[in-house]
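My notes follow, in the order I looked things up.

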Amino acid sequence: MIKPKQAKRRKEFQIMELYGLSSPNVMKVRIILEELDVPYNHTYIDIFAGAQYTEEFGKLNPNRKVPVLVDPDGPGGPITIIESGAILIYLAQKYDRFLPKSPTDYYGTIQWLMFQMASVGPMFGQTNHFLRTAPAGNDYSRDRYVTESKRIFDVLDERLSESEFLGCNEYSIADIATYPWARYYEPNNIDISKLKNLQRWLDQIGQRPVVANVVAYWPALRAVDDHKKETADVKHIDKLYGRGQFSRA
C-alpha cells in the first residue's frame with residue numbers, strides 16, 4: 001500500500017479508498033479528490049505482479065482495471081465506482097462542483113468528458129504502448145496511433161480556440177479528465193508548438209495549485225511503477241498485455 005499523501009480527516013466525511021497506480025486515469029481521480037479536499041487513502045495495486053487478478057480485487061471491479069473508488073458514505077450506504085469517467089461524474093454530483101448546472105454547459109461538459117474516455121485515453125494509451133512496449137515489427141500500428149493522437153490534439157486545440165475550457169467556459173470534469181493524458185505529449189512524440197490554444201489550456205490547468213501539487217508528487221509514484229515493471233515476472237507482464245500464452249488471437 002502506498003499513500004503518497006494522507007488527506008486530513010474531517011468529521012463530516014468518511015475516508016474514501018482509491019485503488020490505483022500512476023496511470024493518467026488514476027491521476028484524474030486524485031486531482032478531483034484533492035480539488036474537493038475530500039479525505040481519501042490511495043491503495044497501490046501492483047498490476048505488474050498480477051494484483052488485479054486476485055479474487056478480492058475482482059469483487060471490486062470485474063474488469064480488473066484501475067482506478068476503483070470505494071465511498072463508505074455513498075447513497076444508501078457504501079458504494080464502489082469503477083471507470084474513471086463515472087468516478088468523476090459521481091464525485092462532481094455528490095459535492096456539486098465541476099459539473100455545470102445549465103443544460104448547455106452540462107452536456108457540453110459531458111460530451112467532452114466522453115471524448116476523453118472514448119478517444120483521448122484509448123488512442124494516447126495505444127500510442128504509448130506501441131512506442132515503448134511493443135516489439136519491433138509494429139510500424140503500422142505505431143504510425144497509426146501516433147497519427148490518430150496528433151489528430152486528436154488538433155481537435156482539442158480547435159475546441160479550445162472557441163472555449164476557455166473544454167466543456168464550457170468554466171473548469172470542469174472534462175478538463176480534469178483530459179489534462180493527465182494531454183500533458184504527456186512529449187513521450188508520445190507529439191509536437192504541440194503550433195497548437196497555441198492547447199498550450200494555453202495546459203499552462204492554465206497546470207498552474208492550479210491542486211493540480212501542480214498532484215503533478216509534483218507523481219514522479220515518485222511513477223518510479224514505483226517503473227521499478228515494479230522492470231523487476232516483474234515475464235508471465236505477469238504477458239498476462240497484463242494479453243500476449244504469449246495469454247493471447248486470444
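**Helices on the sheet.** I began with helix α1, which lies across β1, β2 and β3 (68-71) and runs at about 160° to β1. Before going on, I noted that this is a predicted model, where local features need pLDDT of at least 70, side-chain atom pairs count only at pLDDT 80 or more, and totals for chains, interfaces and linings use all residues. Residues are numbered from 1 along each chain as its sequence is written, and side-chain values use heavy atoms, with hydrogens and water left out. Helices (H or I, at least four residues) and strands (E, at least two) are DSSP runs numbered from the N terminus. Axes are lines fitted to C-alpha atoms, for helices over the stretch in contact, and angles run from 0 to 180 degrees between N-to-C directions. Contact means heavy atoms within 4.5 Å. I then looked at helix α3 (residues 84-95), which lies across β1, β3 and β4 at about 135° to β4.

**The sheet.** I found an open sheet of 4 strands, ordered β2-β1-β3-β4, with mixed pairing. Its edge strands, each pairing on one side only, are β2 (40-44) and β4 (79-82). Two strands pair if DSSP finds at least two bridges between them. I looked up β1 (residues 16-20) with β2, and they pair in the parallel sense over 5 bridges. In that pairing G20 stands opposite Y44 in β2.

**Helix against helix.** How do α1 and α8 pack? Helix α1 (residues 24-36) and helix α8 (residues 209-230) pack at about 135°, with axes 9 Å apart. That makes α1 oblique to α8 (under 35 degrees is roughly parallel, over 145 roughly antiparallel, 65 to 115 roughly perpendicular, and the rest oblique). I listed the contact: V26, M27, R30, I31, E34 and E35 in α1 meet V210, V211, V214, V215, Y217 and W218 in α8. These residues divide into 9 nonpolar, no polar and 3 charged (Ala, Val, Leu, Ile, Met, Phe, Trp, Tyr, Cys and Pro count as nonpolar; Asp, Glu, Lys and Arg as charged; the others, Gly among them, as polar).

**Two loop residues.** Is T133 buried or exposed? T133, in the loop between α4 (103-132) and α5 (139-160), counts as buried because its relative accessibility is 19% (buried means under 20% relative accessible area, exposed over 50%, partly exposed in between, with a 1.4 Å probe and protein chains only). Leaving aside neighbours within four places in sequence, T133 is in contact with N128, K229, Y241 and R243. N63 sits in the loop between α2 (55-60) and β3, and counts as partly exposed at 44% relative accessibility.
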